[in-house]
Amino acid sequence: MPDLMIKSIRSIAGACALTIAITGCHDNAALAETSTTSSASPSPSTLAPQSPETADTMNVIGGDRRGAATSWSEYLRSVDEEDRKFLEDISSRYYGAVQFGNAREREELSRLGIPLPGEWLSSRDHSDEELAKLGDAGDAKALIFLTDRLIAKMSDTRSKAGESSYLSYVKSLPDDMRSPGQQDLAEASGRASASYIISPKPFTAYQYGIATAEVTGSPDIVPASIAIAGELGDARAENILASYYKTGPRSDDAAVLQAEEAMRQMSRSALDRK
C-alpha cells in the first residue's frame, strides 16, 4: 500500500480518538462506543488521499448562479426569502466567517477555501449521497457541505430535545432507539475530521470545532478551532475569537491550548503529504 494512503488511513482512523481527547468530554466511553457503531461514517480506505492543494482543485459543486455580488449583504438582497434564511443560518453557525464586505474580501474567502453564497445555494441541488460520493473522491467543498448538513441536523434535534450536546441526546434515548443517532454522531465526527485532515484550511478548522462542540458539548474546542483558523491564514480570526468570547460559554484555558496543539498535529499530517 502506498505510504500516502497509509498516512491518510492512520490520520482519519485516529480522528475520533483525537476528538475525544481534546474536548475533555466526561462521556468518553459512550462517545467511543458510538463512534464505532456506524456503517454510515466514511471508510478511511474510500477517502481519496489528497494534498491540501490538490483538494482545493477538486471542487465540482456549481458556483454562483446569480452573478458575483460585491458584498454578503448585497447578495442577500438579491435572493428570495427562503434562500436568504438559509444563508443567514449558515452565517450564524460559523460566526459570520462566510461574510465579505467587498470584492477583495470575496476573493480572499475563495482563496481560503471558504464557500461563497452561490456555492452554498448550489450545494442544495445535491443529495447527501451525491455529496458523500464527491467528498470521498476528494472534493473538499462537497465534504464541507455534507458535514454542515450533519451539524445542522444534530443541532436541531438536540435543541428540540432540550439537551446540551448530541451525545447527551443519544444517551437519553432507549437502547433500541439509539442506532440512528449513533450513526449521525459517528458520521458527523468522521466527516468533520476527514475534511480538516484532508484540507486543513481556515473553514475546515472552524467546522471541525463546531462539529466537535455539537457532538460533545465541550466549550473548549470552539475557541481552539478559531485560533487555528487564524494560524491557517484567516486574518479575521482574532476579531471572530474576541466576539465569540463575549457571548460564548466559559472555556478552560489549559484545555483550549491542548485542543489547539491536537489540531496542529492533525494539520501536520496533511502537510506531511505534500
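1. Let's start with helices α13 and α14. The axes of α13 (residues 202–216) and α14 (residues 221–231) come within 8 Å and cross at roughly 175°. Axes here are lines fitted to C-alpha atoms, for helices over the stretch in contact, and angles run from 0 to 180 degrees between N-to-C directions. The two helices are therefore roughly antiparallel to each other, a label given to angles over 145 degrees, with under 35 called roughly parallel, 65 to 115 roughly perpendicular and the rest oblique. On the α13 side the contact is made by P202, A205, Y206, Y208, G209, T212 and A213, and on the α14 side by I221, V222, S225, I226, I228 and A229. Contact means heavy atoms within 4.5 Å. By class, that is 10 nonpolar, three polar and no charged residues. Ala, Val, Leu, Ile, Met, Phe, Trp, Tyr, Cys and Pro count as nonpolar, Asp, Glu, Lys and Arg as charged, and the others, Gly among them, as polar.

2. A word on what you're looking at. This is a predicted model, where local features need pLDDT of at least 70 and side-chain atom pairs count only at pLDDT 80 or more, while totals for chains, interfaces and linings use all residues. Residues are numbered from 1 along each chain as its sequence is written, and side-chain values use heavy atoms, with hydrogens and water left out.

3. Now the overall picture. The protein has 16 helices and zero strands; helices (H or I, at least four residues) and strands (E, at least two) are DSSP runs, numbered from the N terminus. Of the 274 residues, 50% are buried, where buried means under 20% relative accessible area, exposed over 50% and partly exposed in between (1.4 Å probe, protein chains only). Among contacts with a separation of 6 or more, 74% are between residues 24 or more positions apart.

4. On to the largest nonpolar core. It has 58 residues, and W120, F203, Y206 and I226 touch the most other members. Such a core is a set of buried Ala, Val, Leu, Ile, Met, Phe, Trp, Tyr and Cys residues joined through side-chain atoms within 4.5 Å. Helix α13 supplies the largest share of this core, eight residues. Setting aside residues up to four places away in sequence, F203 touches Y94, V98, G113, I114, P115, W120 and I144.

5. Apart from neighbours within four places in sequence, A213 is in contact with S218, I221 and V222.

6. Check the backbone at Y95. Most residues other than glycine have a negative phi. Y95 is not a glycine, yet has a positive phi of about 55°. You'll find Y95 in the loop between α6 (81–93) and α7 (103–111), and at 24% relative accessibility Y95 counts as partly exposed.

7. Y244, in helix α15 (residues 237–247), is one of the residues that Y95 meets: leaving out residues up to four places away in sequence, Y244 touches Y95, P219, V222, P223, I226 and P249. Y244 is buried, with a relative accessible area of 12%.

8. Not counting residues up to four places away in sequence, D148 touches I90, R93, Y94, W120 and Q207. The C-alpha atoms of D148 and Y94 are separated by 10.0 Å, and the residues are 54 apart along the chain.

9. Last, have a look at L112, in the loop between α7 and α8 (117–123). Although in a loop, L112 counts as buried, at 4% relative accessibility. Leaving out residues up to four places away in sequence, L112 touches K201, P202, G233 and D234. L112 and D234 are 122 residues apart along the chain, and their C-alpha atoms are separated by 7.3 Å.
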